[in-house]
Amino acid sequence: MTKGNRGEQEVILEFSEITKSFPGVKALDHVSFSVEKGTVHALVGENGAGKSTLMKILNGLYHADSGKLYLEGKEIQIKDSIHAGHLGIGMVHQELNVVGELTIAENIFLGKEPKNRLGLIDHKALNKMAGEFLKKQGLSYSPQLKMKEMSVGEQQMIEIIKTVYFNSKIIVMDEPTSSLSESETERLFAKIRELKAQGATIIYISHRLEELDEICDRLTIMRDGQVIRTAEVNEITRNEIIAEMVGRAIENTYPKVKVQIGEEVLRAEHLQNEKVKDVSFYVKKGEILGFAGLVGAGRTETARAVFGMDALESGEIYMEGKKISIKKPADAVEQGIMMVSEDRRKFGLVTKRSVQENLSLPNYDRFSKTPFLNHRAEKKTAMEMVKKLNIKTPGLDTAAASLSGGNQQKIVIGKWIAANPKVFILDEPTRGIDVGAKYEIYRQMCEFAAEGMSIIMISSDLPELLGMSDRIYVMSEGKITGELSREEATQVKIMSYATANHQEG
């Protein structure tokens with residue numbers, strides 16, 4: 001038994017001296033802490049601290065090299081994720097494991113479908129069971145709705161209630177709000193409080209420290225594969241958490257440096273397509289230009305149109321005063337326009353390839369002036385990017401998939417920086433990464449701007465936009481509804497412009 005501010009609490013789960021190594025890195029180093037029954041226990045730390053590795057051991061996806069796991073006081077050895085499910089342990093991954101072409105009912109019962117006398121799936125029973133369960137959970141979706149027709153937040157809610165259906169005692173949530181809107185986040189928190197009231201125990205992994213006070217009871221801080229501290233959430237400050245996470249105090253979250261802003265570099269006039277409605281904007285040399293707006297406002301679609309990922313019906317783009325034609329991303333790259341997508345795994349990385357190969361992807365023309373690839377030049381450039389961006393990797397030949405989210409993001413940024421962009425578009429550059437990695441990316445953005453690069457940053461994080469932008473455009477329903485200088489921008493003004501069209505409608 002352990003004691004906290006809530007009185008005596010029964011320990012449901014205990015990690016004891018858990019150790020796990022991968023080639024070139026010790027991911028977990030004698031990790032020990034306990035989780036109390038019926039609580040929301042936060043697990044925080046920088047990318048690469050060992051959080052996800054530990055949870056994958058709990059879910060049976062990895063096996064520890066040494067150490068013990070105790071569930072309700074009994075030692076357990078989890079064989080695989082199916083065995084974990086039988087033990088009452090469920091996990092909602094950051095990268096959702098949904099099958100888009102299947103229905104809600106089929107996703108909930110995937111691999112556990114009711115069968116008829118012939119041994120075939122009984123779809124009538126399946127839909128009836130799913131419909132009754134959805135209704136019980138207060139969700140009005142049709143069980144026959146395909147998952148691909150739902151938002152990320154809605155898909156995530158199905159993944160969470162799926163663990164409830166199969167009586168999970170412990171539910172692990174890995175970065176559950178990283179892709180959610182504010183309203184979807186509130187809905188998720190309500191579901192977490194409901195699950196907690198029903199006696200479920202939740203292990204909550206998040207880089208959004210402001211969420212801890214809202215829903216978490218205790219937290220464990222990890223750094224470099226070790227447990228640094230376990231404490232009650234109300235007994236530790238956010239600054240203390242950050243200092244424990246990164247091993248040092250970060251005095252200034254947004255290290256914005258004032259640089260000389262030069263002449264206009266990129267101008268877009270009257271861009272128009274299905275999602276973008278008569279959008280015009282410009283960015284100057286050395287400027288960090290922010291794009292704000294609610295989910296679905298058209299920010300990403302505007303960037304995709306400029307980068308040639310989405311076709312334009314009309315509109316003009318100018319680089320350094322000259323009209324240019326961009327039909328595909330290769331045209332944009334040729335003009336010196338580079339873009340880091342918000343979905344780094346889908347559009348930014350070849351995860352099975354090495355760090356060096358990923359850093360080289362847009363730059364092979366520089367390394368192949370002859371029929372043969374100049375591996376020496378390729379390796380030199382990769383090493384320069386690893387050093388410049390402080391990418392933590394066992395080696396250049398390490399697969400990108402094995403690195404933390406923050407280091408993967410640095411690779412995506414690094415591959416484009418090696419191509420010397422004039423205009424660098426960053427779409428949600430710090431989503432799903434820790435405070436230490438965020439700080440590194442902010443610092444690099446300031447350096448790039450000081451070198452004369454024009455940066456366009458799309459972000460749903462208002463403090464980030466306010467902290468890093470020289471100027472901010474606000475979008476709503478595909479249109480630009482406001483433009484604010486750094487001096488006049490506030491969260492209230494941004495939200496006023498972000499909801500402008502919604503208020504009129």
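View 1. E5 (residues 40–45) and E10 (residues 201–205) run parallel and are joined by 4 bridges, pairing being assigned if DSSP finds at least two bridges between two strands. Towards strand E11 (residues 218–223), which also runs parallel to E5, there are 5 bridges, and here Ala42 stands opposite Leu219. Of the 6 residues of E5, 6 are buried, a term that means under 20% relative accessible area, with exposed meaning over 50% and partly exposed in between (1.4 Å probe, protein chains only). Val40, Ala42 and Val44 point one way from the strand, whereas His41, Leu43 and Gly45 point the other way.

Residues are numbered from 1 along each chain as its sequence is written, and side-chain values use heavy atoms, with hydrogens and water left out. Because the model is predicted, local features need pLDDT of at least 70 and side-chain atom pairs count only at pLDDT 80 or more, while totals for chains, interfaces and linings use all residues.

**View 2. Helix H5 and the elements that cover it.** Helix H5 (residues 152–165) has 14 residues and reaches 20 Å from its first C-alpha to its last, close to the 20 Å expected, the expected span being 1.5 Å times one less than the number of residues. H5 is mostly covered, with 10 of its 14 residues buried, among them Gly153, Met157, Ile160, Ile161 and Val164. The cover of these buried residues includes strand E8 (89–92), helix H3 (104–108), helix H4 (123–136), strand E9 (170–174) and helix H6 (182–197), where contact means heavy atoms within 4.5 Å. Asn167, which follows H5, has a positive phi near 55°.

View 3. Just after the helix, Gly138 takes a positive phi of about 80°.

**View 4. An open antiparallel sheet.** Four strands form an open sheet in the order E14-E13-E16-E17, with antiparallel pairing. Strand E14 (277–284) and strand E17 (322–324) stand at the edges with a single partner strand each, so one side of each is left without a neighbour in the sheet. The twist averages 20° from one strand to the next, with axes taken as lines fitted to C-alpha atoms (for helices over the stretch in contact) and angles running from 0 to 180 degrees between N-to-C directions. Strand E13 (residues 264–272) pairs with E14 over 6 bridges in the antiparallel sense, and Gln272 stands opposite Lys277 in E14.

**View 5. Thr398 in its loop.** Thr398 lies in the loop between helix H13 (375–388) and helix H14 (405–417), and its relative accessibility of 13% makes it count as buried. Leaving aside neighbours within four places in sequence, Thr398 is in contact with Arg353, Ser354, Val355, Thr393 and Leu403.

Definitions and conventions. Helix = DSSP H or I, 4+ residues; strand = E, 2+ residues; numbered from the N terminus.
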